[in-house]
Amino acid sequence: MTANLLILGGTTEATALALRLAQTGIPGTLSLAGRVTRPKRQPLPLRIGGFGGVEGLGAYLKDNRISHVVDATHPFAAQMSRNAIAACAQADVPLIALSRAPWAAQPGDDWHHVRDIAGAVAALDRPASRVMLAVGRMHLAEFAPNPQHRYLLRLVDPPEAPLPLPDAQVIVDRGPFTVAGDRALMEDHGTELVVSKNSGGSGAVAKITAARELGLPVIMIDRPALPDRREVFTVDAVLDWLSHHKADLGV
């Protein structure tokens, strides 16, 4: 089988990998879920939209003669990652995950760990405060039971519908962000508390560093658990993995 990679993307790591593959001449497709209305231009052909679960992804792998799959989705895209593990196992297609190393608490951090979004919602059942809610637009409705807070939301795209939170200000921006910029943002809005997923990596860590510098508590949503899989944290490690499949890749 000649090379034909599928990158499950939506992250800066996926874009970096796509660029390296394009530079090395290994063909592939970058798949995006379609949650961002203005995706960045990519160096590989794009596929946008879902697959239809494990069965649909398995059919796509077979129909398109996919040789290898790289799961470079967001660390909280757990269902997609589970589907990839199952579909690749059924189709006998090699799979590797290009992940971000999770953030670890540093001296000066005031983290309050919760296991999921529901845990974060429960943790906000408290007197009104100014909250930077950094969980993405897909989860905003889940925080509706806590309307007492003044929320600061930073989104990649403008909201398409009225916000489920009565007192919220939206900043439309796309990372990576700087510590100085995030510190100024928090100071300007009088932020008292940050809610964040443990996304890891460097593109979104600025708000965590800024919170540390300002002495702000952080409700940290831990990553979902996934079945065992091969996992690396750099593009070079993915290319090294691919180098062991040269015969399969036809290179």
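**Reading the sheet and its helices**

Modeller: This is a predicted model. Its open sheet has six strands, paired in parallel, in the order β3-β2-β1-β4-β5-β12.

Biologist: Which are the edge strands?

Modeller: An edge strand pairs on one side only, and here these strands are β3 and β12 (231-232).

Biologist: How many bridges join β1 and β2?

Modeller: Strand β1 (residues 5-8) and strand β2 (residues 28-32) are joined in the parallel sense by four bridges.

Biologist: Which strands does helix α1 touch?

Modeller: Helix α1 (residues 12-24) packs on the sheet and touches β1, β2, β4 (68-71) and β5 (95-98), its direction making about 160 degrees with that of β1. Helix α2 also packs on the sheet, where it touches β1, β2, β3 and β4; the direction of α2 makes about 150 degrees with that of β1.

Biologist: How should I read the crossing of α5 and α6?

Modeller: One considers the distance and the angle between the axes. Those of α5 (residues 179-188) and α6 (residues 206-214) come within 8 Å and cross at roughly 60 degrees, so the two helices are oblique to each other. The crossing is right-handed. By class, their contact has six nonpolar, one polar and five charged residues.

Biologist: Is G50 buried or exposed?

Modeller: Exposed means a relative accessible area over 50%; G50 has 61% and is therefore exposed. G50 lies in the loop between β3 (46-48) and α2 (53-63).

Key. Residues are numbered from 1 along each chain as its sequence is written. This is a predicted model: local features need pLDDT of at least 70, side-chain atom pairs count only at pLDDT 80 or more; totals for chains, interfaces and linings use all residues. Side-chain values use heavy atoms; hydrogens and water are left out. Buried means under 20% relative accessible area, exposed over 50%, partly exposed in between (1.4 Å probe, protein chains only). Axes are lines fitted to C-alpha atoms, for helices over the stretch in contact, and angles run from 0 to 180 degrees between N-to-C directions. Angles under 35 degrees count as roughly parallel, over 145 as roughly antiparallel, 65 to 115 as roughly perpendicular and the rest as oblique. A crossing is left-handed if the near helix is turned anticlockwise from the far one by less than a right angle, and right-handed if clockwise. Ala, Val, Leu, Ile, Met, Phe, Trp, Tyr, Cys and Pro count as nonpolar, Asp, Glu, Lys and Arg as charged, and the others, Gly among them, as polar. Two strands pair if DSSP finds at least two bridges between them. Contact means heavy atoms within 4.5 Å.
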